[in-house]
Amino acid sequence: MRLLYPPLPAPRFHPVPEYPTIPRHIAVIMDGNGRWAKERGLPRREGHRAGAEAVREVLDACKELGVDYLTLYAFSSENWNRPEAEVTALMALLDRFLKEKAKDLDAKNIRLQAIGQIDRLPAKTRDLLDSIIARTADHTAMTLVLALSYGAREEIVSAARSLATDAAAGRIDPASVDEAAFASRLQTAGIPDPDLLIRTSGEMRISNFLLWQISYAEIVIVRKNWPDFRHGDLLEAVNEYQRRHRRFGAL
Ligand code: IPE
Ligand code: IPE
Ligand code: MG
């Protein structure tokens with residue numbers, strides 16, 4: 001009999017992966033800055049300014065807990081569609097945050113990384129970012145990943161494009177492309193997938209964040225707006241994570 005398809009490989013036993021009690025990687029969709037400001041009759045940029053303060057607290061809480069990676073969704077690819085004045089205010093805040101944080105990250109042994117289309121950021125911001133990334137590259141206590149001008153679909157398309165380019169040039173065999181090969185072309189290559197995904201302001205959506213990486217992340221939605229998020233709220237979210245039974249499709 002002629003085989004129409006190559007025979008299937010023998011089934012492999014996939015044990016349920018071990019998962020950490022303290023999430024190794026926490027990813028946060030910091031949402032609700034605008035609403036926080038509106039409730040107080042303040043301009044939106046005041047909400048963003050207060051949001052930057054909340055970042056400091058969460059960063060310290062994660063370090064104390066022993067979290068290895070904290071990824072913060074600070075600016076999405078779609079956020080470029082906001083009014084120019086808001087985008088300018090956000091970039092100015094990012095500059096200020098980076099300037100203020102540079103010494104602190106260094107002193108706390110925290111490594112900075114960035115994902116997203118960094119080349120779309122203003123040159124000044126990019127230079128600042130590059131210099132802090134280089135300066136903290138060997139730090140080992142924790143990694144802070146800033147998602148800036150980040151869009152997951154864009155990231156996935158760009159990984160597919162780079163694999164296709166290599167395959168067309170004969171550098172890789174298309175049959176060798178597996179999940180690991182694909183993940184290695186994403187901007188998060190080398191970073192473990194998030195264990196816990198937090199979104200503030202009560203919205204129940206992903207908004208183009210880490211679509212590939214959150215396959216089995218535990219999702220915690222917090223009602224508070226991001227500028228009100230404190231140390232204790234992070235501990236509560238981790239507590240909620242610890243009460244979950246992660247099954248990874250098994251039992
Ligand atoms: C999150 O707050 C910060 C960014 C997206 C940059 P928003 O600005 O989205 O605030 P809301 O959702 O309008 O309240
Ligand atoms: C997601 O929030 C992006 C960031 C937090 C940076 P948005 O406020 O932009 O998302 P939508 O518009 O509510 O989906
Ligand atoms: Mg929002």
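Colleague: Why is Thr125 called buried?

Modeller: In this predicted model, Thr125 has a relative accessible area of 1%, and because the word buried is used for anything under 20%, Thr125 is called buried. Thr125 is found in helix α4, which runs over residues 123-135, and, leaving aside residues up to four places away in sequence, Thr125 touches Met91, Leu94, Asp95 and Leu98.

Colleague: How do you know that the span of helix α7 agrees with its 13 residues?

Modeller: At 1.5 Å a residue, helix α7 (residues 231-243) should span 18 Å, and since its end C-alpha atoms are 19 Å apart, the two values agree.

Colleague: Which residues of α7 are buried, and what makes you say that they line one face?

Modeller: The buried residues of α7 are Asp233, Leu234, Ala237, Val238 and Tyr241. When one looks down the axis of α7, these buried residues fall within an arc of 140°, and therefore they line one face of the helix. On the other side of α7, Glu236 and Arg243 are exposed, a word that is kept for a relative accessible area over 50%.

Colleague: What makes the pair between Arg35 and ligand 1 a polar contact?

Modeller: A polar side-chain atom of Arg35 lies 2.7 Å from an oxygen atom of ligand 1, and because a pair of N or O atoms has to be within 3.5 Å, this pair counts as a polar contact. The side chain of Arg44 has an N or O atom 2.9 Å from an oxygen atom of ligand 1, while for Asn33 a polar backbone atom is 3.2 Å from an oxygen atom of the ligand. Taken alone, ligand 1 exposes 380 Å², of which the protein buries 86%. In the shell around ligand 1, α1 gives the most, with three residues.

Colleague: How do you know that the pair between Arg199 and ligand 2 still counts as a polar contact?

Modeller: A polar side-chain atom of Arg199 lies 3.4 Å from an oxygen atom of ligand 2, and because the cut-off is 3.5 Å, the pair counts. Ser207 has a side-chain N or O atom 2.6 Å from an oxygen atom of ligand 2, and for Asn79 a polar side-chain atom lies 2.9 Å from an oxygen atom of this ligand. On its own, ligand 2 has 390 Å² of accessible area, and the protein covers 78% of it.

Colleague: Which strand gives the largest share of the shell around ligand 2?

Modeller: Strand β2 (residues 69-76) gives the largest share, with four residues.

Note on methods
Residues numbered from 1 in each chain as written. Chains lettered and ligands numbered in written order. Predicted model: local features only at pLDDT ≥ 70, side-chain atom pairs only at ≥ 80, totals over all residues. Heavy atoms only, no water. Helix = DSSP H or I, 4+ residues; strand = E, 2+ residues; numbered from the N terminus. Expected span 1.5 Å × (residues − 1). Buried < 20%, exposed > 50% of the residue type's maximum accessible area, 1.4 Å probe, protein only. Arc of directions from axis to C-beta. Polar contact = N/O pair within 3.5 Å; in protein donor to acceptor, adjacent residues only side chain to side chain. Areas by Shrake-Rupley, 256 points an atom, 1.4 Å probe, with all protein chains shown as cover. Contact = heavy atoms within 4.5 Å.
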